[in-house]
Amino acid sequence: MLGPFDLALVWSSLPELASGLVVTLQLTLLTILGGIVLSVPLGVLRSAPSKWVSGPIWAYTYFFRGTPMLIQLFLIYYGLAQFKAVRGSGLWFILREGYWCCLIAFTLNTAAYTIEIIAGALRNVPLADIEAARAMGMSPFAILRRIKFPIALRILFPAYTNEVVFILQSTSLASLVTVMDLTGVARVIIARTFSPYELFITIGLVYLALTYLTLWGFRRVEAHLYRHLRGRPVAVVEGPALR
């Protein structure tokens, strides 16, 4: 049978766990930011009708959506270190650090999913709206900025919410490459105290609270975006974000 829950251990571990939580939040926010920077232009190109334009981007998204994130992280952290040219390059001061390898792997992974979400949303913009903009003499860039993007943003929001939650929870993989995130700090405390029960329940509750706050925040933003469409059906893109 399980022994009593050691609240004193959890309480004494809170300062260490808080430092790990800061790293987890940093990884999550920087990953989301980097993913958006990569995925917005590539998502537009992915929705292009030309296969010469969208094909290479499809290959990138297919690889990162078709392989486990853990394998991608190990390839970057352990795999690149095997090449002497990499160790002798100016990038080695970044690639030798687990934190930056995690950030690179997480960003490339979330960008792949977000590209497909954006491309799918752009393809679902009503053709009538685009034709009306063309009839008014709008340039392709103006149509993209003033018609396609605002409509696509409302379409992609539910799927992108799932993606953000997935990234938040996937940051726990960082502990496998020596990063002291929330899970990494908990594993160190467990190795010292031999109390996995208390620590894993504690960090599980922290992740649960973070997930709830993330979903709550996105729902508020989504309600703001949909405020003028209440009572009307809205198309959503779900596929690429489902793991």
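This dialogue explains how to read several features of a predicted model.

Reader: What kind of model is this, and how are its residues numbered?

Author: The model is predicted: local features need pLDDT of at least 70, side-chain atom pairs count only at pLDDT 80 or more, and totals for chains, interfaces and linings use all residues. Residues are numbered from 1 along each chain as its sequence is written, and side-chain values use heavy atoms, with hydrogens and water left out.

Reader: What is the average pLDDT of the protein?

Author: The term pLDDT denotes the predictor's confidence in each residue, from 0 to 100. Where pLDDT is low, the predicted coordinates should not be read in detail. Here the protein averages 89, and 92% of the residues score at least 70. Confidence is lowest in helix H4 (residues 84–87), with a mean of 84, and highest in H6, at 96.

Reader: How many helices and strands does the protein have?

Author: Helices (H or I, at least four residues) and strands (E, at least two) are DSSP runs, numbered from the N terminus. The protein has ten helices and zero strands. Its C-alpha atoms fill a box of roughly 70 × 55 × 30 Å along the principal axes.

Reader: What share of the residues is buried, and what share of the contacts joins residues 24 or more positions apart?

Author: A residue is buried under 20% relative accessible area, exposed over 50% and partly exposed in between (1.4 Å probe, protein chains only). Of the 243 residues, 43% count as buried. Contact means heavy atoms within 4.5 Å. Among contacts with a separation of 6 or more, 79% are between residues 24 or more positions apart.

Reader: Is serine 13 buried or exposed, and which residues does serine 13 contact?

Author: Serine 13 is found in helix H1. Serine 13 counts as buried because its relative accessibility is 2%. Leaving aside neighbours within four places in sequence, serine 13 is in contact with Ile189 and Leu199. Valine 22 also has its place in helix H1, but counts as partly exposed, at 45% relative accessibility. Between valine 22 and leucine 182 there are 7.9 Å in space, C-alpha to C-alpha, although the two are 160 residues apart in sequence.

Reader: At what angle do H1 and H6 pack, and how far apart are their axes?

Author: Two packed helices are described by the angle between their axes and the distance between the axes. Axes are lines fitted to C-alpha atoms, for helices over the stretch in contact, and angles run from 0 to 180 degrees between N-to-C directions. Angles under 35 degrees count as roughly parallel, over 145 as roughly antiparallel, 65 to 115 as roughly perpendicular and the rest as oblique. Helix H1 (residues 7–46) and helix H6 (residues 98–123) pack at about 40°, with axes 6 Å apart. H1 and H6 are therefore oblique to each other. By class, their contact has 17 nonpolar, nine polar and three charged residues. In this grouping, Ala, Val, Leu, Ile, Met, Phe, Trp, Tyr, Cys and Pro count as nonpolar, Asp, Glu, Lys and Arg as charged, and the others, Gly among them, as polar.

Reader: How do the axes of H3 and H6 cross?

Author: The axes of helix H3 (residues 69–79) and H6 cross at roughly 135° and come within 9 Å. H3 and H6 are therefore oblique to each other. The residues of this contact divide into ten nonpolar, three polar and no charged. Within H3, the buried residues include Met69, Leu73 and Gly79. What covers the buried residues of H3 includes helix H2 (51–66), helix H5 (92–95), H6 and H8.

Reader: How are H9 and H10 arranged?

Author: H9 and H10 pack at about 165°, and their axes are 9 Å apart. H9 is therefore roughly antiparallel to H10. Among the residues that meet are Leu182 and Ile189 in H9, and Leu199 and Phe200 in H10. This contact has ten nonpolar residues, one polar and no charged.

Reader: Where is threonine 178 found, and what is the phi of this residue?

Author: Most residues other than glycine have a negative phi. Threonine 178, by contrast, has a positive phi near 70°. Threonine 178 is found in the loop between helix H8 (140–170) and helix H9 (182–193), and is exposed, with a relative accessible area of 58%. Phenylalanine 194 also has a positive phi, of about 55°, although it is not a glycine. Phenylalanine 194 is found in the loop between H9 and helix H10 (196–225), and is exposed, with a relative accessible area of 71%.
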